[in-house]
2 protein chains.
Amino acid sequence: MPVNLTPPVAAQLLPVAGVSLGIAEANIKRPDRKDLLVMQLCDGARVAGVFTKNRFCAAPVIVAREHLAQPDGIRALLVNTGNANAGTGEQGMSDARTTCAALAGLLGCKTNQILPFSTGVIMEPLPVAKIAAGLPAAVTNMRADNWLAAAQAIMTTDIVAKAISKQVKIDGATVTITGIAKGSGMIHPNMATMLGYIATDAAIAQPLLQAMVSEAANRSFNCITVDGDTSTNDALMLIATGKAALPEVKAADSQAAKMLQAAISEVAIYLAQAIVRDGEGATKFITVCVEGGNSEDECKQIGYAIARSPLVKTAFFASDPNLGRILAAIGYAGVADLDVAALRLYLDDVLVAENGGRAASYREEDGQRVMQQSDITIRVVLGRGAANATLWTCDFSYDYVKINASYRS
Amino acid sequence: MPVNLTPPVAAQLLPVAGVSLGIAEANIKRPDRKDLLVMQLCDGARVAGVFTKNRFCAAPVIVAREHLAQPDGIRALLVNTGNANAGTGEQGMSDARTTCAALAGLLGCKTNQILPFSTGVIMEPLPVAKIAAGLPAAVTNMRADNWLAAAQAIMTTDIVAKAISKQVKIDGATVTITGIAKGSGMIHPNMATMLGYIATDAAIAQPLLQAMVSEAANRSFNCITVDGDTSTNDALMLIATGKAALPEVKAADSQAAKMLQAAISEVAIYLAQAIVRDGEGATKFITVCVEGGNSEDECKQIGYAIARSPLVKTAFFASDPNLGRILAAIGYAGVADLDVAALRLYLDDVLVAENGGRAASYREEDGQRVMQQSDITIRVVLGRGAANATLWTCDFSYDYVKINASYRS
C-alpha cells in the first residue's frame, strides 16, 4: 500500500485556463478502464519537456521530440497507458505518427502539433486501431476540470493517482499550477522515469520554460529511485498557456521567474515523492540525505548506492536495523578516496556509526524504534566538503517481486 | 534451492600436500555449527590474494593485506563465519589482530604470519573470546582431507557447500588444485565478493602467483552478480605449497604457467558459478553474453545492466518472456553512442529482437519455452566491434526478500 500518500480529491485540483482534458476507455490492455488521455491546449500555449536518456527510448519519445522542434506550436498531448510502444522499431515510429494524425484530424490541426506519450508493456505492437477508435469519445468529453480523471487515465501499476494544484500570487496576479504524474516501477533517473505533466496559466518565454522544466526535473524526478531501472518512455512536460493576468515571464533572474520556478519545482517534488510512496510493493518511504561532500555528484553517487541496494531495501522492509548494510553500500559507491573513518551515519536523529564503526552511543533499541516508522531519513555526513544531495526511495518487499513477476498477466 | 548444483562429495576433494585444515564449532552466531576454519600451510608455501574494493572494507581485510606484505611467509589462514568484523573501526582492527595472535601462539609462529578472514553480520563486535576458545579444537583436528568440512565451516546463507578439485599433468608431474568458496548474497564485483581459497601443490613464484590470482578472479568472481551489493569482506586467496614434483614455475609465458593458469581459472569459474547457482533465493541460473562490442568494458557494462535489473530478474523468476525489459536495461546501461537498431537479442537459440524491435520471426511460445528452463543464456550481439564479455547471475524471487528481510534473526 502507498506510504502516507493521500489520494487526490477532484475538488482540490484546479483547472488551468487554456487546458482541456478528455478521457476515454480504449480497451488497450484490458476493458473497463480509462486508458486514453487527450490534453488540448489553447492557441499560443507553450510546451517544453525533458525525456528519458535510455538509448532504447520509445517511439513516442522520438516523435514527441521531433514535434516539439517544429515552430507551429503544440495543440494537444495524447497519452495512452497499457502499451509503451517501446522496442518496436520502425513500425512503432509509424504507429506513433498514425495516432497523432488521427487526433490531428479530429482537432483540425497538423499531425506534428500533437505530442504522443505511451506507457505500459515494452516490445509489443501499439494497438493503433483501438486508440484511434477511442479518440472521438475523449475529444467529445473534453473538460477543464478533468484533472483527476486524467491522472487516473495514465496509471499502470500505480495504486493511487498522483495530482496536485498550487496557486501563487505574483505581482498581484494569481497563477495556477496543476500537475499529474504516473509511475511506480522502472523508476530511476535519468531522467524523469515516469510520465509527468505540469500546466500553468502563466506566460513563460520558450527558453525559460525549457530551463524551468529541466531544473524542476533535476530537483524531483531525477532524485528518486524505486528499482534502479530507467524506463524507455519517461517524460516530464511543462505547459504554459499564458491565460493568467501576468505579463510574459522572460528573464530567469526576475522575481516572477524565481517564484514560478519555486512553485513548479514544489509541484514536481510532490509528484516525484508520490511516485516513490506508491512504489511497487513499498511499505516505507526513505529519504537519503548525503551531506558534506566534495561535489553534488559524489553525494548523489553515495545516495544512490544506498537507495538502490537490495540488501538495504529488504532490511527496511523487515524493520531490521541491520545498518551495516548501509556502510557497505557507502563503501562500494565508487568514491575512491572516501575516508570511512571521517563519516557519520544517522537514522533520523539516531547516530549509528562514526570513526569507521558503530557509534559508542548507539543502542539497538534506538535503531529499532526508527526502523518501525513508515517515513525514515538516512543521513550520511561525509565531512569533506560543502555539497549535499537528497534522494527518495522506498523499501523492497515481497510485493515488489509479486507485482513484477506477474506484470503481464 | 540451488540451481543445478550438486553438493560436493568428500571423496572427490583431493588433499593438497602442504595444506592441513582444522574445523571447530565456536558458537560465534549460533550453536552446533562449524564456524571456524584454520588452514595451516607448510614451510615455504606462498600465498597471494585479491580483496574487495569496498571503501568500508573489513578489519580482517586490512590486516590480511598488511600480513601478506611482510617477508616471513604465511603459516596459516584463519576464517570465521557468523560475524564480518566490518564497520567495527579501531576495535575491529585490534580484534582481528588478537585472533591472529591467539592462533600464532598455538602454532608457534608470529602473529603477522596469520591471515584473518571474517564473514557474516556487519557492524557487530567480533566475539574474540569465542574464537580464541574454539581455536585449540580446530588446531587439534587438523587434517589434509578436511576440505569438505572446511567448505561447510565458511558458509553463511549458502545452502550448498562449494568445493572442487582438479588435477593436471604438467611436464610429467601431477599437480593438484583444490578450491573452496562461500557466498550467496551481497554478491557483486569488484572484486571477489565472497571468500574463496584455492590451493595447489605446484611451486609458483610470488609475482606470478599474484598475477594468476588476479587473472582467475577477473574471469570468475568478477563476472558474477546476485544482487549488485559488493561486500566489505571479499577475498580470493591462492596458495602454492611447492610440494608437487614440478620445478618452480616463474615465467608467465611458459607452457607450465599457462596450463596452471587455465586449471586455476577453471576451479575459480566453477566456484563463482556455484555461488550464483546457490544465490539467495535463486531458481534460475542465467548466463549473459555480450558480444561484438567496442571494448570488454562496454560489454560488461551492458551485461551488468541486464544482470542487475530487478525487473529482468523478476521476469525470469516468473518464467515470463517479458523481454522488453532486457532492451530497456541495454538502453540505460550508459553506452552513449549505442545504436539500438544494430543489435540483436537472443534467448538461447531464439532471436528475440533486431532492428530496434521484436524480431519478425519471434514467437511468444519460443520465448516461453526457453524461460521455463533452469539454465538460460541471454545473448546480446552489439555488432560494433570484436570484444566480448560473459557474466553469470540468477533470478530474483520471493525467497531473496525473505532471506534478506530475516538475515539477522
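Is B:N85 buried or exposed, and how many other C-beta atoms lie within 10 Å?

Modeller: Happy to! This is a predicted model, where local features need pLDDT of at least 70 and side-chain atom pairs count only at pLDDT 80 or more, while totals for chains, interfaces and linings use all residues. Residues are numbered from 1 along each chain as its sequence is written, and chains are lettered from A and ligands numbered from 1 in the order in which they are written.

Now to your residue. B:N85 is buried, because 34 other C-beta atoms lie within 10 Å. (Buried asks for 20 or more other C-beta atoms within 10 Å, exposed for 12 or fewer, and partly exposed is in between, with C-beta atoms placed from the backbone.) You will find B:N85 in the loop between strand 4 (76-83) and helix 2 (89-107) of chain B. Most residues other than glycine have a negative phi.

Back in chain B, let's move to helix 1 (residues 59-69), where B:I62 has its place. B:I62 counts as partly exposed because 15 C-beta neighbours lie inside 10 Å. Leaving out residues up to four places away in sequence, B:I62 touches B:C57 and B:M93. (Contact means C-beta atoms, placed from the backbone, within 7 Å.) The C-alpha atom of B:I62 is also separated by 9.6 Å from that of B:N233, a residue 171 places apart from it along the chain.

Next come the strands of chain B. Strand 13 (residues 350-354) of chain B is mostly covered, with four of its five residues buried. Strand 13 of chain B runs antiparallel to strand 12 (residues 344-347) of chain B, and three bridges join the two. (Strands pair if DSSP finds at least two bridges between them.) One such link has B:A353 as the bridge partner of B:L345. These two strands make a hairpin with two residues between them, in which B:D348 takes a positive phi near 50°.

For a view of a whole sheet, turn to chain A. Seven strands form an open sheet there, in the order 9-16-11-15-12-13-14, with mixed pairing. Its edges are strand 9 (224-225) and strand 14 (357-358) of chain A, each pairing on one side only. Strand 11 (residues 285-293) and strand 15 (residues 375-381) of chain A pair in the parallel sense over seven bridges, and A:C289 has A:R379 in strand 15 as its bridge partner.

Helices pack on this sheet. Helix 6 (residues 255-277) of chain A touches strand 9, strand 11 and strand 16 (387-394) of chain A, and its direction makes about 45° with that of strand 16. (Axes are lines fitted to C-alpha atoms, for helices over the stretch in contact, and angles run from 0 to 180 degrees between N-to-C directions.) Helix 7 (residues 296-308) of chain A touches strand 9, strand 11, strand 15 and strand 16 of chain A, making about 20° with the direction of strand 16.

Helix 7 of chain A has a helix partner as well. Its axis and that of helix 9 (residues 324-331) of chain A come within 8 Å and cross at roughly 135°. A:I302, A:A305 and A:I306 in helix 7 of chain A meet A:I326, A:A329 and A:I330 in helix 9 of chain A. In chain B, helix 7 (residues 296-308) and helix 9 (residues 324-331) pack at about 135°, with their axes 8 Å apart. There B:I302, B:A305 and B:I306 of helix 7 meet B:I326, B:A329 and B:I330 of helix 9.

Technical notes:
Contact = placed C-beta atoms within 7 Å.
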